[in-house]
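Trainee: Could you walk me through reading a sheet and a helix pair in a model like this?
Mentor: Gladly; let us look together.

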Amino acid sequence: MDDTVVGRGMILDEVRRHLAARETVILDGPTGIGKTTCWTALLRWAARDGWLVLRCAPTEAETTVAYTALADLLSPLADQVSALPGPQRAAAEVVLLRADPTGPVDDRAIAAATRVLIDRVCADHRVLVAIDDAHWLDPPSERALRYALRRVSPTVAVLVSCRDTGSGPGPAPLGLDHGPDRPGPARVELGPLDVADLRQLLRARLGTALPRPLLNRIARDSGGNPLLAIELARAVLRLPRLPSPGADLPVVASTHPLVTRTLAALPAASREAVRLAALLTVPTVATLAAAGVSATDFEPAEEAGLVAVTEDTVTFPHPVYASAVRSSIPPGIRSRLRQHLALVVADPDERARHLAVATTTPDLAIADELTAAAGRQQARGAPELAAGLYDRAAELTPERFTTRRHAQRLAAARCRFAAGDYPAATEAAEAAAALTTGDLRAEALLLRAVISWSADDLAAAVTAATRGLAATTPGTPLAGRVHAHLSLFVDQPARSQQHAHAAITLLEGSATDRGLRSAALLQLFFHEVRGGLPPRTDLLDEALHLEGDEPSWLAATVPAVWWTAIDEHDRARDRLRQLLDWAVGRGDEPLQHDLLAHLGETELLAGRWSAAADHIAAARELGQQLGTSQVGESWLAGLLDAHRGRLVDAGEVARSGLRRADEIDDPWCRRIHQLLAGFVALSAGRMAEAAAHYRGLAATVDAVGLVEPLSTRFEPDWIEACVGAGDLIGARQVFDRLAERDHRLSRPWTRLGLARSRALIAAARGDDPDPALRELTAARDATPPEILPLDRARCLLVAGTVLRRTRRKRPARLALETALGEFTALGAAAFAARAGTELARVGGRPAAPRQLTGTEQQVAQLAATGCTNRVIADRLFVSPKTVEANLARVYRKLGISSRAELGAAMVDRPQPADR
């Protein structure tokens, strides 16, 4: 494929085939084996073939410069940046050095921007993302590319080279073996060259032919490694005469000793020039000239093959040459050279890096320079690099400046947390807390609490925050910030309210804490309702006004949870979608994960089960990538299965969740799985078992002081289970509990639940059921079809069952047929089966199908041809809910129970006109 690459034709052809199939290829091999040569040849092929190549080739010296590699890779897409969402656009402008950061750059927004930019050009180009020496990526670039390459379109081809450490294939770089939508990478191992290939390579590089016996010995001693063979041949050619067949060749196991010997043989001025070039991130002729290096100083090094000098830059033939030079510099000389470079480099961050290494005794001025450089790195979204500079600044700050040193170490801990290194951040925060007192100690412990919360360790979060509160100066905004966090961490309404009240008071007037004060207002509203107090929606309104365009992660989902709890699904959905757009724009995956789960629960209650399934699946996939426990996502998936009648799968989720709750003693985990276990048993007709689960759930709820558990709605099902199990006393007691909930906070689900339960209890006691049935009909009629469709259908099931038992067959049949149609339209298989069983017990001949209305005829014909509800709604200019209601009536009138039966039922009916 490329005649300039010796001995690699078959490998290049193999890689080309993988890339043409839009696959990911990893070029593996030890240092010097020729990975960069092959990588470069493949990029030439891709460019000739019309690919858009996004490339970067980082070096060891660039690992301390934030986003160097990413800027190189994205530079061809710079003209696309203006079309990005605001946070992504601002972050990308900073990465591409087209704007200075106005505040800390969110590295998640940079990662999201990288993905979007790559995806957008896929529509018009074949895209190849190529990264050479991935092990030298600077950490911020590595994080952004790790995020983006696991998520970009499967049409993007990826080519990455990485060094084989000799211990066998390790994990793929950049997480490329874990992409959810991409096949596993093709790993291509570069092996040694044979003697014939080495002869051709050495002739091309050295301009001379070696005797065959000598060539064979070089091939043997180098192990076929091209770079080592070249350096070994150069060492041989520098000998006074070629070694005789019995003489030993220079003994080396790597190129480092050869480079070191070559460097030592240079004149002093040339040796110093090469060392200075190796210590620079980007060795330019201008910078080296400012350091006192002349053009002639490099001539001996060029003749020895150590460097190549152009008009502007000095380059090394291979990154290992620069690494070997740096490692061979004695410590004292290295310190002197870095101090010298610190005086001449133009970039303040590079000056800081040289000073950080060269300075050996405390120096306040240099420590301040390092602190400023750390702040700049932090602002550019490079927390790992900032952490190292903060730590070094603390080491160089004289001991008498104790407060300043502790602040620097605390800043380093925050950076490690921002970088996702929770263990290191925890250790640093604990160390800072142990060494400090007062507000600094409180700040360190609050950071420790937030880290624990992020790592799903609630108990540790509460403990650390409580210790932090004890260390604060009472009545200060810092104390208010700790209280705001405790209002989230503490899962007891009374205590949470106390913390929220304190936070609201202490943060009033603090311009920098608007988000936290907003969160405290939301937490106060939330926990007052959970504690049984009337909802103060003025708190909710004030908090939403205060948050503006920057919702706080502490309580962003509270409004949606509230609106879902009172069955205002549209408002909840809108809030969650807005937050999801906001989180996606910033690349905040933990928040996206939380929001997707909430959307899944909202759509489940709203009867939009396909949408719920999509959100739950997305939450599970993202949770797997983030390494979450998957408890919430698995529970939601189990609850959806239970609603769809997949009771075996749902039951296993409930049992597994209850075991986990017992293991970790987590009341929330226990609550949600008791709820699921009860619903599964109820759906399966195991009434006594269902009642037992619901009784346990009530005990769990009461134990933590949840007077109003909001989204945990279970009393109507508990009553049905008690009635089914013959426990009418228990049913009456639970009915009173439900009535109290409705009295405190009446909403559609409590009103429907009360009406349904009253009819069940009246029929079971032998009372006249008619008043209860009239109330049931009124409650159902007062609830719009798009709100709680499952609950509305269950009202009909109860009505039909009660009417059947009182021998009113015709109204019983009508109610049960309608219920069956609505259950079937929803996909509620278990309840549809129950409705069918009750319908069969009515006896007699079913009423003849009635005439369809014009709209019902049109909806039925379109559904019979395979159109989805959304397509039908668009065709007929109605809502999807109207389509569902019409289909339910069609099923009832035609005496069918599923969409699959429509084709045969509608075969002789005229086709509607296309509107």
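Trainee: In β4, which residue is the bridge partner of Leu 27?
Mentor: Ser 161 is the bridge partner of Leu 27 in β4. Strands (E, at least two residues) and helices (H or I, at least four) are DSSP runs, numbered from the N terminus, and two strands pair if DSSP finds at least two bridges between them. Here 6 bridges join β1 (residues 24–29) to β4 (residues 157–163), and the two run parallel. One caution: this is a predicted model, where local features need pLDDT of at least 70, side-chain atom pairs count only at pLDDT 80 or more, and totals for chains, interfaces and linings use all residues. Residues are numbered from 1 along each chain as its sequence is written, and side-chain values use heavy atoms, with hydrogens and water left out.

Trainee: What is the strand order of the open sheet?
Mentor: The order is β2-β3-β4-β1-β5, 5 strands with parallel pairing. Its edge strands, each pairing on one side only, are β2 (52–56) and β5 (186–189).

Trainee: How are two packed helices described?
Mentor: By the angle between their axes and the distance between the axes. Axes are lines fitted to C-alpha atoms, for helices over the stretch in contact (heavy atoms within 4.5 Å), and angles run from 0 to 180 degrees between N-to-C directions. Helix α39 (residues 789–805) packs with helix α40 (residues 809–826) at about 155°, their axes 8 Å apart. That makes α39 roughly antiparallel to α40, a word used for angles over 145 degrees.

Note on methods
Parallel < 35°, antiparallel > 145°, perpendicular 65-115°, else oblique.
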